[in-house]
Amino acid sequence: MVFTAKPSDRKKSHNPKMWTEAWTGCLWIPLFYPQRPVEDLAFSVARFIQNNGSFINYYMYHGGTNFGRTTAGLFIATSYDYDAPIDEYGLQREPKWGHLRDLHQAIKLCEPALVSTYPTVTWPGNNLQVHVFNSKSGCAAFLANYDTKSSATVTFQNMRYDLPPWSVSILPDCKNAVFNTARVRK
């Protein structure tokens, strides 16, 4: 669920845009959706930030277990984990935890530009989008490929960037891509 200002105020609103439940895992239907790929989660978070998002609450970031591991009856799970980046025992679930850590480090590098201006948005091709936050405080860019199957090459400020399918590259200085949502370090 994403909360934002009323539609007429969205462009230049000074209200924060909040995402109250960024699901990190399967939630209530593990039979059909056992895991959410971290690439998809990172892509969604990067898209939210590039579109002026300012607050994300992960559901669940740290899994849990019922107190005393007791249940209301036989054969009822006590786990409240849902493929969270930190499991119910406090252990990091890789590569999900590390990929989200790297994503947020990249976003943090963009902070001076993100909090100083609204982005200029261009569409350099089909399913491609570039958001540039350029201010006296700094410059940051988000290069996105929304195609689910095909890679793309984007030329931005006379440099070429290769974008895997369904990905966002983050350039905290408008030059160097420090993170791409589809490239997970193993």
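Modeller: A salt bridge is a side-chain nitrogen of Lys or Arg within 4 Å of a carboxyl oxygen of Asp or Glu. In this model, which is predicted, the structure holds six salt bridges.

Biologist: What makes the pair D40 and R36 a salt bridge?

Modeller: The side chains of D40 and R36 meet with N and O 2.8 Å apart, and the cut-off is 4 Å between a nitrogen of Lys or Arg and a carboxyl oxygen of Asp or Glu, so the pair qualifies. As a general point, side chains of opposite charge can pair when their charged atoms come close.

Biologist: Is R36 called buried or exposed, and how do you know?

Modeller: R36 has a relative accessible area of 17%, and because buried means under 20%, R36 is called buried.

Biologist: Why is the pair R93 and D83 called a salt bridge?

Modeller: The closest N and O atoms of R93 and D83 are 3.6 Å apart, and since the limit is 4 Å, this pair is therefore a salt bridge. Both R93 and D83 are in the loop between β5 and α2, ten residues apart. R93 is partly exposed at 22% relative accessibility, whereas D83 is buried at 11%. Salt bridges that share partners also join D83, R93 and K96 into one network.

Biologist: Why can one say that the pair R185 and D102 ties together parts of the chain?

Modeller: Their closest N and O atoms are 2.4 Å apart, which makes the pair a salt bridge. R185 lies in the segment after β12 and D102 in helix α2, so the bridge ties together parts that are 83 residues apart in sequence. R185, with a relative accessible area of 61%, is exposed because that value is over 50%, while D102, at 13%, is buried because that value is under 20%.

Biologist: Which residues of the largest nonpolar core touch the most other members?

Modeller: That core has 28 residues, and V45, I56, L103, F142 and I170 touch the most other members. Helix α1 gives the most to this core, with eight residues, and the core draws at least three residues from each of domain 1 (18–102) and domain 2 (117–180).

Biologist: How do you know that L103 is in contact with parts of the chain beyond its neighbours in sequence?

Modeller: Leaving aside the neighbours within four places in sequence, L103 is in contact with A42, V45, A46, I170 and F179. There is also a second, separate core of 13 residues, which includes V130, A152, V154 and Y161.

Biologist: Which peptide bonds are called cis, and where do they lie?

Modeller: The bond from Y59 to M60 is cis, with omega near -5°, and M60 is in the loop between β3 and β4. A cis peptide bond also joins E94 and P95, with omega about 10°, and P95 is in the loop between β5 and α2.

Key:
Residues numbered from 1 in each chain as written. Predicted model: local features only at pLDDT ≥ 70, side-chain atom pairs only at ≥ 80, totals over all residues. Heavy atoms only, no water. Core = buried A, V, L, I, M, F, W, Y, C linked by side-chain atoms within 4.5 Å. Buried < 20%, exposed > 50% of the residue type's maximum accessible area, 1.4 Å probe, protein only. Helix = DSSP H or I, 4+ residues; strand = E, 2+ residues; numbered from the N terminus. Domains from an automatic or database assignment. Contact = heavy atoms within 4.5 Å.
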